[in-house]
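Subject: Structure for you to look at

Hello,

Here is the structure I promised to pass on. Please open it first, then read my notes below.

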Amino acid sequence: MMNKLMVLHRRLSCCDAFLADWGVSVASLAIRCYVGWQFLKSGMVKVQDWNATLDLFRYEYMAPLLPPELAAYMGAAGELLLPMLLFIGLLTRPAALALCAVNVMAVLSYPQLFTFDCPAAINDHFYWGALLLVVVAMGPGRLSLDAWLARSGR
């Protein structure tokens, strides 16, 4: 009986290594593209009307410890540059961690998110933060410039 269980286990787990390698790679790419796109869209909106963005940071968002202009520049830069790193998988873990910090700063700077009748506004930020932490934990996978650089550097 034990021998049959071992054979069954071996047959059912024959693809584990492949799935762990390529499944994680595809999942990481999907997460990187999805979350990166959310932040890139926000950054593009910021630069389309910079005066409105500056007014938002002056009067609506309350970034702790930063002057509004500096917070606007840093927020827009983070939302435009960090997603690009995620898309190509370059410096993936640091980029995901930095984008997670941008996400946390966005939530802290706009406490009205917690008072909206629609909880989707704050839930999206929690969801994106969790997905970014997944990328930090599992890494970029094979489908990234990081992996290509690691292979070519051997």
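**The aromatic cluster**

Phe57, Tyr61 and Tyr110 are joined into a cluster by ring pairs. Rings of Phe, Tyr and Trp (its six-membered ring) pair if their centres lie within 6.5 Å; planes under 30 degrees apart count as stacked, over 60 as edge-to-face and the rest as tilted.

Before you go on, note that this is a predicted model, where local features need pLDDT of at least 70 and side-chain atom pairs count only at pLDDT 80 or more, while totals for chains, interfaces and linings use all residues. Residues are numbered from 1 along each chain as its sequence is written, and side-chain values use heavy atoms, with hydrogens and water left out.

**Ring pairs**

By the ring rule, the count comes to five aromatic pairs. Here are two of them.

Take Phe39 and Trp128. Their ring centres are 5.5 Å apart and their planes lie at 65°, so this pair is edge-to-face. The pair links distant parts of the chain. Phe39 is in helix H2 (residues 16-48), Trp128 is in helix H6, and 89 residues separate them. Helices (H or I, at least four residues) and strands (E, at least two) are DSSP runs, numbered from the N terminus.

Are these two residues buried or exposed? Phe39 counts as buried, at 3% relative accessibility. Trp128 is buried too, with a relative accessible area of 13%. Buried means under 20% relative accessible area, exposed over 50%, and partly exposed in between (1.4 Å probe, protein chains only).

Now Tyr61 and Tyr110. This pair is edge-to-face, with 5.2 Å centre to centre and 80° between the planes. It also links distant parts of the chain, 49 residues apart. Tyr61 sits in the loop between helix H3 (50-59) and helix H4 (68-88). Tyr110 sits in the loop between H5 and H6. Tyr61 counts as partly exposed, at 21% relative accessibility. Tyr110 is buried, with a relative accessible area of 17%.

**How helices pack**

Two packed helices are described by the angle between their axes and the distance between the axes. Axes are lines fitted to C-alpha atoms, for helices over the stretch in contact, and angles run from 0 to 180 degrees between N-to-C directions.

Start with H5 (residues 92-109) and H6 (residues 120-138). They pack at an angle of about 160°, with their axes 9 Å apart. That makes H5 roughly antiparallel to H6. Angles under 35 degrees count as roughly parallel, over 145 as roughly antiparallel, 65 to 115 as roughly perpendicular and the rest as oblique. H5 passes H6 in a left-handed crossing. A crossing is left-handed if the near helix is turned anticlockwise from the far one by less than a right angle, and right-handed if clockwise.

Which residues meet here? On the H5 side they include Ala96, Leu99, Cys100 and Asn103. On the H6 side they include His125, Trp128, Leu132 and Val136. Contact means heavy atoms within 4.5 Å. The residues of this contact divide into 14 nonpolar, four polar and one charged. Ala, Val, Leu, Ile, Met, Phe, Trp, Tyr, Cys and Pro count as nonpolar, Asp, Glu, Lys and Arg as charged, and the others, Gly among them, as polar.

Next, H3 and H4. Their axes come within 8 Å and cross at roughly 120°. That makes H3 oblique to H4. The crossing of H3 past H4 is right-handed. Trp50 and Phe57 are among the H3 residues in the contact, and Pro68 and Tyr73 are among those of H4. By class, the contact has eight nonpolar, one polar and two charged residues.

- Trp128: its C-alpha is 6.1 Å from that of Val35, though the two are 93 residues apart in sequence. Leaving out residues up to four places away, Trp128 touches Tyr34, Val35, Gln38, Phe39 and Asn103.
- Glu79: this residue lies in helix H4. Glu79 counts as buried, at 7% relative accessibility. Beyond four places in sequence, Glu79 touches Phe39, Leu40, Ser42, Gly43, Lys46 and Val102.
- Ser28: look in helix H2. Ser28 counts as buried, at 0% relative accessibility.
- Leu91: find this one in the loop between H4 and H5. Most residues other than glycine have a negative phi. Phi of Leu91 is near 50°, a positive value.

Best wishes
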